[in-house]
Amino acid sequence: MSNRVSALLSEADELLRPECECWAEGFCFVAGVDEVGRGPLAGPVVAAAVVFPRGVPWPAVNDSKKLTALEREELERAIRAVPGVSIGIGEVSAAEIDRLDILRATWRAMRLAVEQLEKVDFILVDGRPVKGLPYPSRAMVGGDGRSASIAAASIVAKVYRDRLMEEYETRYPGYGFAGHKGYGTAEHLDALRRLGPCPEHRKSFRPVREIIDPPPEQPDLFGAMEDE
């Protein structure tokens, strides 16, 4: 286990300030909520909610985007090993994203994650305010770098979704899901053009939609001018 993963946080750490403020206001079960997968062309959007108990050492978490895949995997195990931790996962499929739109699908994933928690009375959520959460909440732009609970949620959500995309690699070979995780890389776009979309592609997203229903070709204006 790396030094980063084996380190622990205390209430004196800046990363616990949001949680300490909530505890000082009388809240006991403070959930951090974050999502992953808003931008990809394929796969679900996933949200995680994490409530750490007060009074036990917390893993020295960080924004999942600043961690290597190995560090995320190790920290995800360390998060789940904290005595009394409560974790919820919310997953909204590509088909439901197409039906709802990505913003409302993200809100739904966050709400589903929170609803799985055993106890919660306040929510710290990454980004902008989220509609439909069942408890009082505080939105924090850049929250995955400012709150330990949100950072933990970002790690749990990322590891969960990456594992799903690796499963899709075997279910839908040829798209390279294990590598790009559904994002619109050159490799992914090339596979889309060659193979067409699979059931996990978001058909409402423009690069996928244009392959399903390509726009009409524009007339060759220069050629037309030469013919005149």
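**Asp126 and its surroundings**

Leaving out residues up to four places away in sequence, Asp126 touches Val33, Asp34, Met110, Met140, Gly142, Gly143, Asp144 and Ile150, where contact means heavy atoms within 4.5 Å. The model is predicted, so local features need pLDDT of at least 70 and side-chain atom pairs count only at pLDDT 80 or more, while totals for chains, interfaces and linings use all residues. Residues are numbered from 1 along each chain as its sequence is written, and side-chain values use heavy atoms, with hydrogens and water left out.

Asp126 belongs to strand β6, which covers residues 122-126. Helices (H or I, at least four residues) and strands (E, at least two) are DSSP runs, numbered from the N terminus. Is Asp126 buried or exposed? Asp126 is buried, yet has no salt bridge. Buried means under 20% relative accessible area, exposed over 50%, and partly exposed in between (1.4 Å probe, protein chains only). A salt bridge puts a side-chain nitrogen of Lys or Arg within 4 Å of a carboxyl oxygen of Asp or Glu. For Asp126, the nearest side chain of opposite charge is that of Lys65, 5.8 Å away; Lys and Arg count as positive, Asp and Glu as negative, and His and the chain ends are not counted. A polar atom of the Asp126 side chain does lie 3.3 Å from the backbone nitrogen of Asp144, and Asp144 is also among the residues that Asp126 touches.

The next stop is helix α5, which spans residues 102-115. Thr106 sits in this helix and counts as buried because its relative accessibility is 2%. Apart from neighbours within four places in sequence, Thr106 is in contact with Glu35, Arg38 and Val45. Ala109 is also placed in α5, and its relative accessible area of 0% is why Ala109 counts as buried. Beyond the residues up to four places away, Ala109 touches Val45, Ala47, Gly90 and Val92. Pro40 is 69 residues from Ala109 along the chain, and the C-alpha atoms of the two are separated by 15 Å.

Most residues other than glycine have a negative phi. Asp101, which is not a glycine, has a positive phi of about 95°. Asp101 counts as partly exposed because its relative accessibility is 33%. Lys181 also has a positive phi, near 60°, and is a residue other than glycine. Lys181 is found in the loop between α7 (177-180) and α8 (186-195). With a relative accessibility of 12%, Lys181 counts as buried.

Helix α3 runs over residues 69-80, twelve residues in total. From its first C-alpha to its last, α3 reaches 17 Å, close to the 16 Å expected at 1.5 Å a residue; the expected span is 1.5 Å times one less than the number of residues. Which residues of α3 are buried? They are Glu71, Arg72, Glu74, Leu75, Glu76, Ala78 and Ile79.

The whole chain has ten helices and seven strands. Its C-alpha atoms fill a box of roughly 80 × 35 × 30 Å along the principal axes. Of its 228 residues, 48% count as buried. Among contacts between residues at least 6 apart in sequence, 65% join residues at least 24 apart. The chain exposes about 11,500 Å², and carbon and sulfur atoms supply 52% of that area.

Conventions. A polar contact is a pair of N or O atoms within 3.5 Å; within protein, one must be able to donate a hydrogen and the other to accept it, and residues adjacent in sequence count only if both atoms are side-chain atoms. Accessible areas come from the Shrake-Rupley method with a 1.4 Å probe; for residues, only the protein chains shown count as cover.
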